[in-house]
Amino acid sequence: MSTQAKDRRAKIEAAKPKGRGGANKVVVATVVAVLAIAAIVAAVIVADQGMKADLAAGGSSLPKNAPAMGAGLVVNPSAPANVPTLDLWVDFQCPACASFEGTFGDQMAGMTQDNEVRLVVHVLSFLDSNLGNDSSNRAANAAFCAADQDAFLPYHQAVFAGQPQREGEGYTDGQLTEFAGKAGLTGAALNTWQQCYEARAHNQYVESVQTQSAKDGINGTPTLKLNGKPLELQGLTPQSFAEQVKAATR
Amino acid sequence: MTTLSDQQPAATPARRLRWNPRGLDAVGLAARLLLGGVMLVAGALKVAKPEVSARAVQAYQLLPFDLATYIGYGLPILELVLGALLIAGLFTRTAAAVSGVLLVAFIVGIASAWARGLSIDCGCFGEGGTIAPSETRYLEEILRDVGLLLCAAWLVIRPRTAYSLERTLFADER
């Protein structure tokens with residue numbers, strides 16, 4: 001290295017501030033790290049508390065024909081043992097569920113009526129947090145209040161028939177009451193339904209079904225399982241649906 | 001002797017351009033803004049909906065359910081912090097290293113979901129959960145994360161970048 005170069009380097013070194021005139025890196029790093037960890041911990045705690053409050057809100061009674069917290073509602077418990085169990089997971093705000101209902105709803109209702117399948121419906125409410133409203137939760141509560149009066153399936157059908165064109169518009173309480181009328185509840189039955197709905201008598205059950213389904217890996221709707229085996233919806237026709245149910249009958 | 005050493009860089013302009021520290025600082029700046037920008041957007045899109053983020057993590061079915069839930073709650077904030085640090089150019093090497101670890105975890109998660117035949121959205125920018133098999137974008141998601149991982153690797157190896165807050169703040173970074 002030439003002497004000029006050495007001189008130049010020495011001058012550069014001399015001109016560099018030596019630990020003066022700058023912020024203390026350790027202090028800044030500590031502040032940033034503490035703030036970041038505090039923010040993450042706070043976010044986890046706030047979300048966890050919110051979830052726990054949701055799970056504990058409303059009544060804790062099981063709707064009629066719901067065997068346990070977290071379990072789906074058995075629409076036709078009188079079905080004989082040899083018929084397959086058809087599990088259905090829906091969210092009342094899910095457009096794909098409404099279109100599934102449009103194609104297969106009547107067929108499914110017929111199979112249930114004739115006890116060709118044991119229909120178990122798991123009503124989810126996860127779309128509320130996606131869409132930023134509470135309509136899935138309220139509609140689920142409303143449907144289980146209808147279930148107490150053996151009107152679950154007609155209520156379920158009325159909700160999907162009345163689903164708003166645009167996803168996220170949700171349902172008003174007035175609409176949910178209208179659906180009760182469409183499901184055949186009148187007079188005293190309608191009053192009982194109304195009381196049940198206003199008290200959110202089955203809300204903890206609604207939340208438990210959502211939690212259990214997520215634990216079971218169901219995080220999209222509609223999902224169907226025939227005797228516990230996933231039913232492929234792509235390319236499903238009423239004919240192939242009927243054939244699969246027949247094949248699963250013992 | 002002096003003439004030789006003075007002539008050498010001029011004789012190879014291409015080489016001088018390639019190793020120009022200012023050029024490298026500019027590459028670092030681009031890597032920082034790209035990685036930081038994506039982290040910031042990913043965090044911002046999920047931070048207001050912790051339940052959705054939790055479900056996106058649960059949908060991978062890789063971690064115990066409750067752990068997945070907590071990670072889903074905390075991840076958006078971590079992404080926001082890393083994004084802000086990278087964009088500002090503060091503790092670039094550490095922020096890039098942590099981002100790199102996250103990206104490796106994301107790539108492993110997506111590849112494993114793909115290999116196990118799940119059909120989920122990666123949930124990288126909100127949403128997440130099960131989608132139709134025809135709607136999965138596993139390859140795109142992995143390639144995007146590999147690109148970002150390269151940005152992170154650059155910044156870990158050479159954290160010095162143009163217009164960084166750490167050069168303004170800390171004397172020993174100048």
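Biologist: What is the order of the strands in the open sheet of chain A?
Modeller: One caution before the answer: this is a predicted model. The order is 1-3-2-4-5, in an open sheet of five strands with mixed pairing. Strand 1 and strand 5 (229-230) of chain A are the edge strands, since each pairs on one side only. In total, chain A has 10 helices and five strands.

Biologist: Which strands of chain A run antiparallel, and where is the pairing parallel?
Modeller: Go across the sheet pair by pair. Strand 1 (residues 73-74) and strand 3 of chain A run antiparallel, joined by two bridges. Strand 2 (residues 85-91) and strand 3 of chain A pair in the parallel sense, over seven bridges. The chain passes from strand 2 through helix 3 (residues 95-113) to strand 3 of chain A, a right-handed β-α-β crossover. Strand 2 and strand 4 (residues 223-226) of chain A are antiparallel again, with four bridges.

Biologist: Which residues can I click on to follow those pairings?
Modeller: Start at A:Val74. Its bridge partner in strand 3 of chain A is A:Val120. A:Val120 is also the bridge partner of A:Asp87. Then A:Asp87 stands opposite A:Lys225 in strand 4 of chain A. That walk takes you from strand to strand.

Biologist: How do I read the two faces of a strand?
Modeller: In a regular strand the side chains alternate between the two faces of the sheet. Take strand 3 (residues 118-124) of chain A as the case. A:Arg118, A:Val120, A:His122 and A:Leu124 point one way. A:Leu119, A:Val121 and A:Val123 point the other way.

Biologist: Are the residues of strand 3 of chain A buried or exposed?
Modeller: Buried. Seven of its seven residues are buried, so the strand is mostly covered. That holds for both sets of side chains, A:Arg118 and A:His122 included.

Biologist: What about helices? How do I read one of those?
Modeller: An α-helix has 3.6 residues a turn, so residues three or four places apart point the same way. Now look at helix 6 (residues 152-161) of chain A. Seven of its 10 residues are buried, so the rest of the structure largely encloses it. The buried residues are A:Phe152, A:Leu153, A:Tyr155, A:His156, A:Ala158, A:Val159 and A:Phe160.

Biologist: Loops next. Is A:Pro63 buried or exposed?
Modeller: Do the count. A:Pro63 is buried, because 21 other C-beta atoms lie within 10 Å. Its place is the loop between helix 2 and strand 1 of chain A. Beyond its sequence neighbours within four places, A:Pro63 is in contact with A:Leu73, A:Phe144, A:Ala147, A:Asp148, A:His202 and A:Tyr205. Check A:Cys145 too: it is 82 residues away along the chain, yet the C-alpha atoms are separated by 6.9 Å.

Biologist: And why does A:Thr186 count as exposed?
Modeller: Because A:Thr186 has 11 C-beta neighbours inside 10 Å. A:Thr186 is in the loop between helix 7 and helix 8 (187-198) of chain A. A:Ser136 is 50 residues from A:Thr186 in sequence, and their C-alpha atoms are 24 Å apart.

Biologist: Step back. What is the overall form of chain A?
Modeller: Start with the radius of gyration. A compact globule of 250 residues would be near 18 Å, but chain A has 28 Å. The C-alpha trace spans about 100 × 40 × 35 Å along its principal axes. The domain assignment gives domain 1 (3-56) and domain 2 (73-248). Their centres, over C-alpha atoms, are 51 Å apart. Of the 250 residues, 38% count as buried.

Biologist: Last one. How many residues does each chain put into the contact between chain A and chain B?
Modeller: Chain A gives 29 and chain B gives 27. On the chain A side, helix 2 (25-56), helix 4 (127-131) and helix 9 (203-215) each supply at least two residues. Helix 2 of chain A has the largest share, 12 residues. By class, the chain A side has 14 nonpolar, 10 polar and five charged residues.

Technical notes: Residues numbered from 1 in each chain as written. Chains lettered and ligands numbered in written order. Predicted model: local features only at pLDDT ≥ 70, side-chain atom pairs only at ≥ 80, totals over all residues. Buried ≥ 20, exposed ≤ 12 C-beta atoms within 10 Å, placed from the backbone. Pairing = 2+ DSSP bridges. Right-handed = clockwise from strand over helix to strand, strands pointing away. Domains from an automatic or database assignment. Contact = placed C-beta atoms within 7 Å. Nonpolar A, V, L, I, M, F, W, Y, C, P; charged D, E, K, R; others polar. Rg over C-alpha atoms; globule rule 2.2 N^0.38 Å.
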